[in-house]
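Let's take a walk through this model together. Have the sequence and the structure open side by side as you read.

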Amino acid sequence: MEEGFKKLLDEAVRLHGHLCSGQVVGVRMAVAGLRELGIKDPKGEEGRDLVIFVEIDRCPVDAIIAVTGRTPGRRSIKMMDYGKQAATFVDTGTSRAVRVSVRTGYLERAGEMAKNLGNFADEKLAQLEALALMPEEELLSIRRVRVAMRRRDLPGETLEIAVCQECGETVKDMRQVGGSGKVLCRPCGLGDCYYEEIERDCNG
Ligand SMILES: [Zn+2]
Ligand SMILES: [Zn+2]
């Protein structure tokens, strides 16, 4: 694989903890998305307005984070739980956006390609090399899309802080829900909660 690509892949592997096909694919997704938006230095000033929606919570996400320098904590990586190997790169300054998705059957095609690459220590390494070298149009589908960014989702100052009238916890950035004349957090207002409380004040 090409030198510049290898450098990006190394960074991804450092963050992710292992080398896998997801790292190669994630780096390729990030490279494609950045190129389409004309961003050469995402970690510098140029990338300031970049927000990325990722549609899966698996390996490629870490590669996308490593290459672009975007993070969930800075609100510039949005996790969409679709289970799809796809990501949308949005320049919130210009509103330009591209969705990059991985084509089905790519691993089989990489496997075929790998057979002709020769001199690799093992099959896995040959397949990773094939994934890195595969023509982009065979690996990725790229579409121009429009993303309606809500102000409350953008990086920057906290817009509003509410206090839930049921549990008393603070809710930032307009995630509270109304109804019944009360200000409530989502768990209290919608019963939309991922945990069940079994003990309180464990530290006191
Ligand atoms: Zn992985
Ligand atoms: Zn609450």
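Start at the zinc ion (ligand 2), which is coordinated by the SG atoms of Cys164, Cys167, Cys185 and Cys188 at 2.2 to 2.4 Å; donors here are N, O and S atoms within 2.8 Å of the metal (3.2 Å for Na, K and Ca), and since water is not among the atoms, sites may look incomplete. Along the sequence, these donor residues follow the spacing C-x2-C-x17-C-x2-C. Helices (H or I, at least four residues) and strands (E, at least two) are DSSP runs, numbered from the N terminus.

This is a predicted model, in which local features need pLDDT of at least 70 and side-chain atom pairs pLDDT 80 or more, while totals for chains, interfaces and linings use all residues. Residues are numbered from 1 along each chain as its sequence is written, chains are lettered from A and ligands numbered from 1 in the order written, and side-chain values use heavy atoms, without hydrogens and water.

The site of the zinc ion (ligand 2) is tetrahedral, with angles of 99 to 116° among its four donor atoms (four donors count as tetrahedral if all angles lie between 85 and 135 degrees). Cys164 is buried, at 3% relative accessible area, whereas Cys188 is partly exposed at 32% (buried means under 20%, exposed over 50%, partly exposed in between, with a 1.4 Å probe and protein chains only).

Now move to Asp153, in the loop between strand S5 (140–144) and strand S6 (161–163). Asp153 counts as buried because its relative accessible area is 12%.

Definitions and conventions: Four donors count as tetrahedral if all angles lie between 85 and 135 degrees; four count as square planar and six as octahedral if opposite donors are over 155 degrees apart and all others between 65 and 115; anything else is irregular.
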